[in-house]
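Dear colleague,

Please find the structure below. My notes on what was found in it follow.

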Amino acid sequence: MERINVNLDDRSYPISIGAELFDNSALFASAISAGKRVVVVSNDTVAPLYADQVMATISSLSCQVALLSLPDGEQYKTLDTFNHIMTFLLEGNYGRDVILVALGGGVIGDIVGFAAASYQRGVDFIQVPTTLLAQVDSSVGGKTAVNHRLGKNMIGAFYQPKAVIIDNHCLHTLPQRELAAGLAEIIKYGIIADHDFFVWLENNIERLQALDNEALCYAISRCCQIKADVVAADEKESGVRVLLNLGHTFGHAIEAEMGYGNWLHGEAVSAGTVLAAQTAAKQGLISDADVMRIIALHQRANLPVVAPDTMFFDDFIKHMMRDKKVLSGQLRLVLPTSIGSAEVVADVPFDVLQDVIGH
């Protein structure tokens, strides 16, 4: 088992990575005291697979455990679903000592984290991510949110979990499309922060697709370490953490315009990352050869490398100008400058963006 620490002084917490960790009561005991009331929040896809196992482990700590299962899908990452969680907690007379456990992918992790940040002004929660995307990215770092029809993750809070427990064995039940979506976030880390890791991915992408345990453990650990270091340096995204949003400004526009859930987050980020790389090339920030490597690796991961042909320049811009990185009305984009580095670029000319988007 790998162990990584997110260093945030008195809010520091461990990330545990390994196979078949759902039965490891010691991991849960590090964040759940005996006798606590616990609510496992999952969805209708994940709960039948893993909820009983996780609840049995928590029950062994002399805790009272309940399950709340939500509908599955990005389209349910809303204030209505958030309110459903609040109602469940209030009707159950849960106090400020309740502990929430987010058992699922990025949608569950984000919405449960936001619920934990909000219920009675803040209760403890644990992230137990079951998708590759959530394991390498969204479960770590304390970003919690729900979507609005006008923009993704526009309503939320920075709120750190007490622990992250990553069991890569559950990836064997993950659909191939979801697995590919997670690979998009893994590739992102290589582009923005680690050239050698990107080269490793070029040499090992098929091992990840085949769910090779050694390769998975290495990739997940490397991504979590990069993110833990970034979060420790810039928890609330006032500086270097912005670089983790490579591809996301374009990608969030795709998700919002196409309807949440029609394009998976990782699929939209993949196409968005290619658009960002092409924008960087137009600005002379990155070589054409590096752009081609970025495109090729995404293609090998079975990810889209072009935006939907039904989206036009104006469709992108209306969403991109609502992006959380926009300051004083100025659009800012994370653009790669080589394989292994990126920077925030303000005021990319709209004619460059229109040329890249294509229509």
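Which residues does His265 touch, not counting residues up to four places away in sequence? They are Leu133, Lys152, Glu185, His248, His252 and Glu255, where contact means heavy atoms within 4.5 Å.

This is a predicted model, in which local features need pLDDT of at least 70 and side-chain atom pairs count only at pLDDT 80 or more, while totals for chains, interfaces and linings use all residues. Residues are numbered from 1 along each chain as its sequence is written, and side-chain values use heavy atoms, with hydrogens and water left out.

The unreviewed UniProt entry places the feature "binding site" at Glu185, His248 and His265. These residues are spread over 81 residues of sequence but cluster in space, with a largest C-alpha distance of 10.2 Å. UniProt positions are in the numbering used here, feature names are shortened, and annotations may be inferred rather than shown by experiment.

His265 is in helix α10 (residues 265-282) and His248 in helix α9 (residues 248-258); helices are DSSP runs of H or I, at least four residues, numbered from the N terminus. His265 counts as buried because its relative accessibility is 14%, and His248 counts as buried because its value is 5% (buried means under 20% relative accessible area, 1.4 Å probe, protein chains only).

The side chain of His248 makes polar contacts with the side chains of Glu185 (3.2 Å) and His265 (3.4 Å). A polar contact is a pair of N or O atoms within 3.5 Å; within protein, one must be able to donate a hydrogen and the other to accept it, and residues adjacent in sequence count only if both atoms are side-chain atoms.

Regards

Terms used:
Helix = DSSP H or I, 4+ residues; strand = E, 2+ residues; numbered from the N terminus. Buried < 20%, exposed > 50% of the residue type's maximum accessible area, 1.4 Å probe, protein only.
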